[in-house]
Amino acid sequence: MSKLGKLIRNLVLVVMVIALSFACTLELLQIQIVDGEYYLSQTTGVYGINQTVQASRGQIMTSDGVILNSNKLVYKVIIQKAFFESGTENDVICKTLKILEDKNEEWTDTLPITKTTPYKFTGDEYEIDALREELELGVYATAENCMNALYEKYKIADVYGQEMRRNIAGVRYEMQIRDFSYVNRYVMAEDVKLQTVIELKEQSFMLKGIDIVEEPTRVYLGGEFVPHVLGRIGAISAEEYEELADKGYALNDVTGKWGIESAMESVLRGKNGIRTISKDSDGNVISDLITTKAQEGNSIRLTIDYDFQNDVQAILNNHINWLHYNNDPTRGNKVDAGGVVVLDAKTGGVLAMANYPNYDINDYVSLINNPPEDTPNPTYNRCIYGLYRPGSTFKTITATAALTSGIADENTTVYCGGIYTYYSDYRPGCIMGFVGDISVKRALRYSCNIYFYDMGRQMGIEYLAQVAGWFGVGQDLNLEIGGFSGKMSTPEYIEDLGGDWTPGSTIQASIGQLETTVTPLTLATIALTFANDGVRYQPYLVDSVTNYDGTQVVEKTQPVIANRIDADPHIFEIIREGMIMVADDVQWPMGSGRTQLADLPYGVAIKTGTPQVTENTFNSTILGYYPAEDPQICFGIVLEKGEFTRLMIRNIIESYFYDNYQPVINEKGEVTLPWGGKDTNTPGRPERNFFKKEDNS
């Protein structure tokens with residue numbers, strides 16, 4: 001190698017050594033100066049504890065923006081394990097409880113044992129078994145055994161006194177089942193008064209581990225407004241946690257328990273933030289920071305209008321009150337429950353869902369723990385879970401089946417002599433008595449059993465059940481908050497119930513009796529299918545998902561067609577004309593000779609029913625839509641042991657279209673009569689344009 005080559009090689013080596021030395025110097029500067037504090041913390045044992053910062057849950061509001069379920073900032077008393085000094089837990093809890101007691105505050109205590117001796121169990125069997133399992137006691141352990149085990153486990157001495165020992169044990173047990181840890185703080189009490197906060201702050205020097213935070217809590221502003229729809233949130237149970245843990249939930253989180261709160265949980269929940277508490281190797285807290293901010297959840301706008309829902313609830317309440325005031329024992333004055341559903345005929349959106357009896361959602365826990373003994377359960381959503389025989393409302397389906405099957409057309413007649421004589425050993429009667437030869441429209445108008453007995457016999461139960469399914473009978477309607485599907489009477493179903501199917505079973509099924517069951521929502525859905533000439537929309541409650549304050553739409557619900565009946569549109573026209581005839585016969589009030597619905601600006605299409613429940617008990621049902629010429633709303637109503645559902649229809653129509661519902665109080669000021677209203681020739685909602693009522697004579 002030449003001298004020049006050696007010189008170049010040596011020069012390269014020198015440059016490389018200098019470069020490597022410079023790189024090492026930079027790395028040392030990074031370690032010692034830039035990241036020096038970090039590496040120092042590693043040598044001194046500093047570590048961080050991440051906790052969840054609760055996100056504000058999205059709100060639930062009406063279609064017109066009235067907020068129902070929301071949040072408010074409250075003071076919460078929490079216990080932080082990072083600040084708790086070992087061995088002082090019981091003393092700190094005792095002092096905190098004394099302050100809470102002195103300020104008349106409540107704290108969380110779900111221990112299923114009485115607070116006074118002799119100790120007794122207070123919870124259900126599941127809660128009691130869970131307690132025994134947590135304490136590793138046998139199935140025969142008494143409440144006294146459990147309390148002694150708690151005292152021993154948590155070293156709760158006699159010095160605290162009996163009552164305080166029990167209270168401390170309740171808090172310690174709650175902390176354990178809520179997975180209290182460095183990561184999971186424990187909320188001891190929430191929504192405490194400012195004066196309580198001040199007292200706790202003043203004594204914070206001897207309450208190590210007790211902290212006060214200001215966070216959102218759920219508030220139910222709607223009160224008695226659709227509580228069955230809205231739902232509530234609650235603490236996660238052990239069973240729920242097994243399913244929710246993988247979705248980022250902690251054992252001390254809350255979740256929607258039922259209703260919209262549950263159905264739209266993933267939308268409403270939001271995204272929790274992170275609070276990081278750093279401690280050194282001696283256990284001292286050296287920093288406490290919010291490292292990730294919480295993101296509020298999206299809100300839900302319902303399809304339900306605030307004023308209209310309130311009117312429909314009042315119409316239902318007032319009608320039942322009027323029936324109670326009516327002293328005729330044969331005319332529904334024993335009514336004790338019912339439900340009304342009103343749907344948007346163009347989309348399937350729920351416009352109103354009223355239940356009787358109703359309740360205030362803020363009283364839910366109290367009602368569940370102490371259900372009323374002398375009245376039906378007010379927390380039960382009869383609109384979607386109440387199963388009732390449809391009675392003569394089902395005749396609309398039987399008529400459709402007769403026409404679509406080809407066994408009849410609009411001119412086909414059946415002779416009604418008051419008794420159905422086809423079977424020699426079974427001869428049911430007709431509620432209308434003798435009416436002579438009758439075709440489908442008049443059969444609907446007069447609700448002639450004989451006509452529908454014969455149609456049902458001719459077509460057979462299999463085809464009738466198939467057509468009923470087209471309208472949603474026995475089908476899951478896929479409402480967001482669930483509901484029962486009901487059943488169609490078939491030989492298989494009756495046999496499953498332990499009964500026998502006979503020829504008489506088919507004709508009873510054809511008039512909505514036997515074991516066919518529907519909900520008020522199903523009745524409204526049947527009406528909706530007729531209103532749309534065989535197109536059945538899926539009912540829904542959520543109009544849209546919005547940002548938290550409801551000012552921007554994130555996602556708009558689009559109507560879904562659940563089924564489309566392939567039939568001649570003229571068939572639905574025939575059924576419509578028969579239903580209009582039913583409405584035109586409704587008197588107002590009964591016995592006055594004046595029609596109640598015929599003088600409305602447009603035609604009304606309805607079908608009523610009086611299904612038998614027991615030998616002496618009947619319900620009252622109705623389905624229908626308005627205007628008959630261009631349907632906008634559909635409705636389904638059931639009154640348990642009630643009567644005259646048809647007398648609610650005018651008020652519902654006037655409230656929705658003309659803003660005219662004005663209840664009339666009786667002379668004693670106690671009850672509201674089921675009729676009323678103002679001049680219907682001056683619409684209160686001029687944006688709604690309909691065809692004029694046609695002459696159906």
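Modeller: Start with helix 15, where Lys395, Thr396, Ile397, Thr398, Ala399, Thr400, Ala401, Ala402 and Leu403 are buried. Buried means under 20% relative accessible area; over 50% is exposed, and in between is partly exposed (1.4 Å probe, protein chains only). Helices (H or I, at least four residues) and strands (E, at least two) are DSSP runs, numbered from the N terminus. Just past the end of helix 15 comes Gly406, with a positive phi of about 95 degrees.

A word on the model. It is predicted, so local features need pLDDT of at least 70 and side-chain atom pairs count only at pLDDT 80 or more, while totals for chains, interfaces and linings use all residues. Numbering runs from 1 along each chain as its sequence is written, and side-chain values use heavy atoms, without hydrogens or water.

Now turn to strand 11, residues 337-344. This strand is mostly covered: 8 of its 8 residues are buried. In a regular strand, side chains alternate between the two faces of the sheet. Here Ala337, Gly339, Val341 and Leu343 point one way. Gly338, Val340, Val342 and Asp344 point the other way. Residues on both sides are buried.

What does strand 11 pair with over 8 bridges? The partner is strand 23 (residues 633-640), and the pairing is antiparallel. Two strands pair if DSSP finds at least two bridges between them. Within this pairing, Phe635 of strand 23 stands opposite Val342. Strand 11 also runs antiparallel to strand 12 (residues 350-356), with 6 bridges joining the two. There, Gly338 has Tyr356 as its bridge partner. Strands 11 and 12 make a hairpin, with 5 residues between them. In that turn, Gly348 has a positive phi of about 95 degrees.

A cis peptide bond joins Tyr356 to Pro357, with omega at about -5 degrees. Pro357 sits in the loop between strand 12 and helix 13 (364-369). A cis bond also joins Tyr626 and Pro627, where omega is about -15 degrees. Pro627 belongs to the loop between strand 22 and strand 23.

For comparison, most peptide bonds are trans, and most residues other than glycine have a negative phi. Two residues other than glycine have a positive phi here: Asp533, near 50 degrees, and Phe644, near 60 degrees. Asp533 is found in the loop between helix 21 (520-531) and strand 15 (535-537). Its relative accessibility is 33%, so Asp533 counts as partly exposed. Phe644 is in the loop between strand 23 and helix 23 (649-658). At 3% relative accessibility, Phe644 counts as buried.

Next, the rings. The structure holds 19 aromatic pairs. Tyr451 and Phe452 form one that is edge-to-face, at 5.1 Å centre to centre with 80 degrees between the planes. Both Tyr451 and Phe452 are buried. The rings of Tyr602 and Tyr626 lie 6.1 Å apart at their centres, with planes at 55 degrees, so this pair is tilted. Tyr602 is in the loop between helix 22 (569-584) and strand 19 (605-609), while Tyr626 is in strand 22 (residues 620-626), so the pair ties together parts 24 residues apart in sequence. (Rings of Phe, Tyr and Trp, using its six-membered ring, pair if their centres lie within 6.5 Å; planes under 30 degrees apart are stacked, over 60 edge-to-face, and the rest tilted.)

How buried are these two? Tyr602 has a relative accessible area of 14% and is buried. Tyr626 is buried too, at 0%. Ring pairs also link Tyr602 and Tyr626 with Phe308, Tyr656 and Phe657 in a cluster.

Charges meet rings as well. Arg269 lies over the face of Tyr249, 3.6 Å from the ring centre. The charged end of Arg457 sits over the ring of Tyr422, at 3.7 Å from its centre. A charge sits over a ring if NZ of Lys or CZ of Arg is within 6 Å of the ring centre and within 35 degrees of the ring normal.
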